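Reader: Got a model open here. Can you walk me through the packing?

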Amino acid sequence: MTSIAERRAVVRRTPPLALVGAYVSLTKPKLVELLLVTTLPAMMLAAGGWPGTGLVVATLVGGMLAAGAANTINCWYDRDIDRIMSRTRDRPTVTGVIAPRAALTFGVILAWISLVVLGVFTTPLATALAAGAMLAYSVFYTMVLKRRTHHNTVFGGLPGAAPVLIGWAAVTGSLAWPAVVFFGIVFCWQMPHFWALASRYRYDYFRAGVPMLSVVAGPVTVARQSAAWAWATLAVSLLMVPVTAQLGLIAFVPLLALGGWYVYESHAWLARIKAGVPDRPMRLFSVSITYMTLLSIALVLDVLF
């Protein structure tokens, strides 16, 4: 294990630009980007059009900082198991490029800045929802549930879907059924998305002692539950049109087609597992990302046109 002195030496030797990049990596930019993909459609649905550039920028920046803060604290706390897992062993909190105390301080500072930005430029409800999401992910999910129960992914899906509610509340200062339904879509969508990823790295999670569903249950069970949640994603998504006055066929057709595609790919994963051929869980993972991106685009286009 690297000593404190050695880690400090690593930090001193790290070029400034590389150190900045290391801090950015703690925020998990790709995950943050995926979360923010759902924020803008929620804001436009709430406003019935473009909600204003200033508000959009403030909400996206505040949301980005909030998600980055939660992810950074996650990296700080999980550095012991990140060291064991091949997917995470190069994180700067593991390699010593960033000291644990510095990572925690950075995460807390990001959290406070995010709340200031949202508090000044959006609404009290949006700010409170962001604070709740950060607390739910960085404390209740990361520190309490992740290492104790295979239901961790389901609970982690709550803060994961929070950007929808934050975006809606930033515009209106309240919540409504379209926001709740959109939240439900993102929540259900996350189960196949993350279980596919956890299946790809099931041995890593096993070695780290993290009871992901893919560790405590067989592949068929994981795929069956993923398919069930994919069906739930489709069912909830079809509710968007009846509960949202400004949506029509421009949104309904993609919602139906994309949801059907998600269901098909989840069942294809299950079929590969049952057939005893390479199950390729990352195919479903990749499809899930495309699904959410295209769904968000479809919602935006329907609002605009």
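Author: Start with α4. Its buried residues are T39, P41, A42, M43, M44, L45 and A46. Buried means under 20% relative accessible area, exposed over 50%, partly exposed in between, with a 1.4 Å probe and protein chains only. Helices are DSSP runs of H or I with at least four residues, strands are runs of E with at least two, and both are numbered from the N terminus.

Reader: Where do these numbers come from?

Author: This is a predicted model, where local features need pLDDT of at least 70, side-chain atom pairs count only at pLDDT 80 or more, and totals for chains, interfaces and linings use all residues. Residues are numbered from 1 along each chain as its sequence is written, and side-chain values use heavy atoms, leaving out hydrogens and water.

Reader: OK. Why is α4 called largely enclosed by the rest of the structure?

Author: Because 7 of its 9 residues, in the run 39-47, are buried.

Reader: Which helices do the buried residues of α4 pack against?

Author: They pack against α3 (29-36), α5 (53-77), α10 (152-172), α11 (177-200), α15 (240-243) and α17 (281-304). Contact here means heavy atoms within 4.5 Å.

Reader: And what comes just after α4?

Author: G48, with a positive phi of about 70 degrees.

Reader: Back to L45. What does it touch?

Author: W168, F182, M240, T244, Q246, L247, L299 and V303, not counting residues up to four places away in sequence.

Reader: Which residues touch the most other members of the largest nonpolar core?

Author: L45, F182, I185, M240, L247, Y291 and L295, out of 56 residues in that core. A nonpolar core is a set of buried Ala, Val, Leu, Ile, Met, Phe, Trp, Tyr and Cys residues joined through side-chain atoms within 4.5 Å.

Reader: Which helix gives the largest share of this core?

Author: α11, with 14 residues. Another core lies apart from it, with 9 residues, including L65, A70, L110 and Y141.

Reader: Switching to aromatics. How many pairs?

Author: The count is 7 aromatic pairs. One of them is F183 and F187, stacked at 6.4 Å centre to centre with 10 degrees between the planes. Rings of Phe, Tyr and Trp (its six-membered ring) pair if their centres lie within 6.5 Å; planes under 30 degrees apart count as stacked, over 60 as edge-to-face and the rest as tilted.

Reader: Where do F183 and F187 sit?

Author: Both are in α11, 4 residues apart, about one turn of the helix. F183 has 17% relative accessibility, so it counts as buried. F187 is at 14%, so F187 counts as buried too. With W229 they form one aromatic cluster.

Reader: Why is the Y203 and F206 pair stacked?

Author: Because the ring centres are 6.3 Å apart and the planes are at 25 degrees. Both residues lie in α12 (residues 202-208), 3 residues apart.

Reader: Are Y203 and F206 buried or exposed?

Author: Both are exposed.

Reader: Last one: how do α9 and α10 cross?

Author: The axes of α9 (residues 124-145) and α10 come within 9 Å and cross at roughly 170 degrees. Axes are lines fitted to C-alpha atoms, for helices over the stretch in contact, and angles run from 0 to 180 degrees between N-to-C directions. α9 and α10 are therefore roughly antiparallel. Angles under 35 degrees count as roughly parallel, over 145 as roughly antiparallel, 65 to 115 as roughly perpendicular and the rest as oblique.
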